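Colleague: I'm new to this one. Please put it up on the screen, and then I'll start asking.

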Amino acid sequence: MIRLANVEDALLIHEIMLSVFEEYRNIDVPSGTLNETISSIEEALGNGSEKALLCFLINVPHDTVRFKFGEKSLYFFRLSVCPEARRRGIAKSILSWLENYAKEHRITEIWYRVQMSIPQNIQLYQSVGYTVYKEKNRYTF
């Protein structure tokens, strides 16, 4: 099951993100995820500047993603799938949920930035039809 998160879920979102992104702590350009706080997530969810999803496996919150809207786009970030749940289609299910949500809100573009040093993530996005828009130290899809 995938559902929109609420402000009360900020601690859970934070815990999931930290557990997932810890493995990337020592890459060339470390993710800013490890420096985020529960209160920054609460504030963003509370003031509506961003939204988040929680994905449940057997009624246990397991994975998450955060996103926000631009004028005609949806930008998602911090896609966090726990290592033990990978390669089960969870990330693709989350992406599909976001795509449907974007369509419902008449959004025509979806964006994400991914670390170039994590090729399996780049392969994931390309496998579902996302294309590279810009290369720098991160790919923008």
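Modeller: First, a term: contact, or touching, means heavy atoms within 4.5 Å. This is a predicted model, where local features need pLDDT of at least 70, side-chain atom pairs count only at pLDDT 80 or more, and totals for chains, interfaces and linings use all residues. Residues are numbered from 1 along each chain as its sequence is written, and side-chain values use heavy atoms, with hydrogens and water left out.

Colleague: Which residues does serine 73 touch, not counting those up to four places away in sequence?

Modeller: Serine 73 sits in strand β4; helices (H or I, at least four residues) and strands (E, at least two) are DSSP runs, numbered from the N terminus. Its relative accessible area is 15%. That makes it buried (under 20%, with exposed being over 50% and partly exposed in between, using a 1.4 Å probe and protein chains only). Skipping residues up to four places away in sequence, serine 73 touches Lys68, Ile107, Glu109 and Trp111.

Colleague: How wide an arc do the buried residues of α3 cover?

Modeller: The buried ones are Ile90, Ala91, Ile94, Leu95, Leu98, Tyr101 and Ala102, while Lys103 and Glu104 are exposed on the other side. The arc is that of the directions from the helix axis to the C-beta atoms.

Colleague: What about α2, then: which elements are included in what covers its buried residues?

Modeller: In α2 (residues 38-47), Ile41, Ala44 and Leu45 are buried. They are on the same side because they cover an arc of only 95° around the axis. The face turned away from there carries the exposed residues Glu43 and Gly46. What covers the buried side includes α1 (10-21), β2 and β3.

Colleague: How many bridges join β2 to β3?

Modeller: Two strands pair if DSSP finds at least two bridges between them. β2 pairs with β1 (residues 2-4) in the antiparallel sense over 3 bridges, with cysteine 55 as the partner of isoleucine 2. On the β3 side, cysteine 55 has aspartate 63 as its bridge partner. β2 and β3 also run antiparallel, and the number of bridges joining them is 7.

Colleague: Is β2 enclosed or open, and how many of its residues are buried?

Modeller: β2 covers residues 51-57. It is largely enclosed by the rest of the structure, because the buried count is 5 of the 7.

Colleague: Last topic, the aromatics: which residues form one aromatic cluster?

Modeller: Rings of Phe, Tyr and Trp (its six-membered ring) pair if their centres lie within 6.5 Å; planes under 30 degrees apart count as stacked, over 60 as edge-to-face and the rest as tilted. The whole structure has 6 such pairs, and one of them is the edge-to-face pair of phenylalanine 67 and tyrosine 101, at 5.5 Å centre to centre and 75° between the planes. That pair links strand β3 (residues 60-69) with helix α3 (residues 90-104), 34 residues apart. The cluster consists of Phe67, Phe69, Trp97 and Tyr101.
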